[in-house]
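I opened this entry to keep track of what I looked up, item by item. The sequence and the structure come before the notes.

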Amino acid sequence: MQCSISECKHKALETVQISFRETRNLCEIHLELFKNKDNKHVPKFSKGSSF
């Protein structure tokens, strides 16, 4: 079974429920992204240059 993401050609690992009616087959990469979708990511800022 192939991943449901159109550009992806990897083998699907798991079927996940996206919404009430929709399920998708996701590969390892997209499954990890789906599981971490609610995490807050804090940006790291650095000084670009000094004057």
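I started with N25, which counts as buried at 17% relative accessibility, the cut-off for buried being under 20%. The model is a predicted one, so I kept the confidence values for a separate entry below. I placed N25 in strand 2.

Next I looked up what stands opposite N25. In the strand pairing, T15 is opposite N25 of strand 2. The side chains of T15 and N25 are also joined by a polar contact of 2.6 Å.

I then listed the contacts of N25, leaving out residues within four places in sequence. They are M1, Q2, C3, S4, A12, E14 and T15.

I asked in which sense strand 1 and strand 2 pair. They pair in the antiparallel sense, over 4 bridges. A hairpin of 5 residues joins strand 1 to strand 2. I noted a further pair of partners, E14 and L26, the latter in strand 2.

**The nonpolar core**

Which residues make up the largest nonpolar core? I found 6 residues in it: C3, C8, V16, L26, C27 and L31. As a general remark, nonpolar side chains tend to be buried together in soluble globular proteins.

**I5**

I found I5 in the segment before strand 1, and that strand covers 14-17. Is I5 buried or partly exposed? I put I5 down as partly exposed because its relative accessibility is 23%, and buried requires under 20%.

Beyond four places in sequence, I5 touches R24, L26 and H30. For I5 and H30 I also looked up the C-alpha separation, which is 8.2 Å across 25 residues of chain.

**The salt bridge**

I asked how many salt bridges the structure holds. There is 1. R24 forms it with E22, and the closest N and O atoms are 2.9 Å apart. In general, side chains of opposite charge can pair when their charged atoms come close.

I checked the exposure of both partners. R24 is partly exposed, with a relative accessible area of 31%. For E22 the relative accessible area is 31%, and E22 is partly exposed.

**E28**

E28 belongs to helix 1. I wrote E28 down as exposed because its relative accessible area is 58%, and exposed means over 50%.

**Confidence**

Last, I looked up the pLDDT values of the predicted model. The protein chain averages 87, and 98% of the residues score at least 70. Which element has the lowest mean pLDDT, and which the highest? Helix 1, residues 28-35, has the lowest at 90. Strand 2, residues 23-26, has the highest at 93. N25, where I began, lies in strand 2.

Methods: Residues numbered from 1 in each chain as written. Predicted model: local features only at pLDDT ≥ 70, side-chain atom pairs only at ≥ 80, totals over all residues. Heavy atoms only, no water. Salt bridge = Lys/Arg side-chain N within 4 Å of Asp/Glu carboxyl O. Buried < 20%, exposed > 50% of the residue type's maximum accessible area, 1.4 Å probe, protein only. Core = buried A, V, L, I, M, F, W, Y, C linked by side-chain atoms within 4.5 Å. pLDDT = per-residue confidence, 0-100. Helix = DSSP H or I, 4+ residues; strand = E, 2+ residues; numbered from the N terminus. Contact = heavy atoms within 4.5 Å. Polar contact = N/O pair within 3.5 Å; in protein donor to acceptor, adjacent residues only side chain to side chain. Pairing = 2+ DSSP bridges.
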